[in-house]
Each structure stands twice: as C-alpha cells, then as structure tokens.
Amino acid sequence: MSIVYLIPSLLAEDAIETIPLYVINAIEGCQVIFAENERTARRFLKKIKKEIVIDQFEWFTIHNREEMETVNFRQKIKENKNIAIISEAGCPGVADPGQLLVCIAQEMNCIIKPLVGPNAILLALMASGLNGQHFEFYGYLPADNEKRAKKIKELTLDSQKNNSTKIFIETPYRNQQLLDAFLNNCKPLSRLCIAANLTSPQEWVKTKSIAQWKKEMPQLNKQPVIFLLQWQ
C-alpha cells in the first residue's frame, strides 16, 4: 500500500533548522515526488541533506497543473509507490497545492502522513495575541480596490459578531496596498497583526491597533507577510 507523505518545506531559504530530521527520513523512503515547483524542491532537498540523490526520484510538477497530474498520481498509487508531496513554502494543501492529490489518496485508501514543519499561518496566529480559538483563513482579498474595501468591511463586521480572527495573505509586491486598504477601511481600535519574514533572521511580528499603525507605517514591499485582523 502506498504511503503519501505531506512534506513541509522552508519558509525562509536558510532556515534549515525548522525541518525535523524525520522529514528527511520520510523523503528518503519515497520513490516519487509531486512538487509545486521541481527546481525549488530539488534545491530544498539538497539544502536539508546534501548527500541525497535527487535523480533517484520520479518527479512530477503540480504548479498550475494539479488536476492534470491526477492520472499520474493514481497510477503511482496503483504501483504501490511511496509518494512525497512538496509545496513551494510551508505545508502542502494549506494555501498551497496538494489538496486535490490528498483527496484522491483518501479515496484510494492510502496511508497519509502529514509531517510537522513550518506553517506561516499558524506561526503568525501563535505570535499575534489574537483569538486562536476562533479564526478563519481567508487567503487573498480581491485585487479591485472597491471590492477589496467592501470585503474588508464585511469581514470586520463578522469578526465583531463572532469574536474571530481573520487571516490573509498577499503577493509580496501588493503587501503595501493591502496594508493601506486595512488602514483605510477598519475601525481605529481594530487590531491588526503583521507577521513578516517568518523563520528568517529578519522575522518580526507586531500587533497594533489600526490607529497605532497609521502613526508607524512599515514598508512591506517584497517581503513575505501574513496579516491577521480582529475587531476590537
């Protein structure tokens, strides 16, 4: 029977210490890798263990083609191959590709092993001081300014009603615009956490009110950031 390992990958390029040893052992027990980005995954494997033989694995790329690769995934399960799924950063299936393949593995009665490693969403929530009992990962807000403003106001009201934390991500080059949208559309006492460069030497996590952030605007462009919002 196939074992499908969900492999956590690095958030920061040199934060090798965030990958537990048993992740390396699991990878070495696999014959097949389904990776979000093969080049990145190959570099990741060499970082965590330089002696690993990269070409011993069968490689399949799932970025923008996860649905197309389901045929190959099913076939490798039928061949009783052990499979590793590796996303670009963090954990497969959590704001990254992999969910569709795991769904198939469940249907085919595989053994599925989610492995411990860095996850930006949980790390940010842990350090935010916001409600960790009731939270929602929303992902990306609309790119259109008007639609984004409307959605922020809706989610802020929902946070107020349910005492919940809302969690967001954005592409690094649009982080500053998203911060501006939060500052322009949230109540002054609402609390916003910004978690930047997690697990890297440049990591910082700060939670302030909207009014406080307006007095101390950080520059976020080109940095990996998680935003967390809670009405206050």
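**Close-up 1. Asparagine 82 sits in the loop between helix H3 (70-78) and strand S4 (83-86).** Helices (H or I, at least four residues) and strands (E, at least two) are DSSP runs, numbered from the N terminus. This is a predicted model, where local features need pLDDT of at least 70, side-chain atom pairs count only at pLDDT 80 or more, and totals for chains, interfaces and linings use all residues. Residues are numbered from 1 along each chain as its sequence is written, and side-chain values use heavy atoms, with hydrogens and water left out. At a relative accessible area of 17%, asparagine 82 is buried (under 20% relative accessible area, 1.4 Å probe, protein chains only).

**Close-up 2. Here is what surrounds asparagine 82.** A polar atom of its side chain lies 3.1 Å from the backbone nitrogen of isoleucine 3, and the side chain of asparagine 82 also gets to the backbone oxygen of glycine 29, at 3.2 Å. Setting aside neighbours within four places in sequence, asparagine 82 is in contact (heavy atoms within 4.5 Å) with Met1, Ser2, Ile3, Gly29, Cys30, Gln31 and Val32.

**Close-up 3. Helix H6 (residues 145-162) packs on helix H7 (residues 175-185).** The angle is about 55° and the axes are 10 Å apart, with axes being lines fitted to C-alpha atoms over the stretch in contact and angles running from 0 to 180 degrees between N-to-C directions. That makes H6 oblique to H7; the word covers whatever is left once angles under 35 degrees (roughly parallel), over 145 (roughly antiparallel) and 65 to 115 (roughly perpendicular) are taken out.

**Close-up 4. These are the residues where H6 and H7 meet.** Arg148, Ala149, Ile152 and Lys153 come from H6, while Gln177, Leu178, Ala181, Phe182 and Asn185 come from H7.

Note on methods: Buried < 20%, exposed > 50% of the residue type's maximum accessible area, 1.4 Å probe, protein only. Polar contact = N/O pair within 3.5 Å; in protein donor to acceptor, adjacent residues only side chain to side chain.
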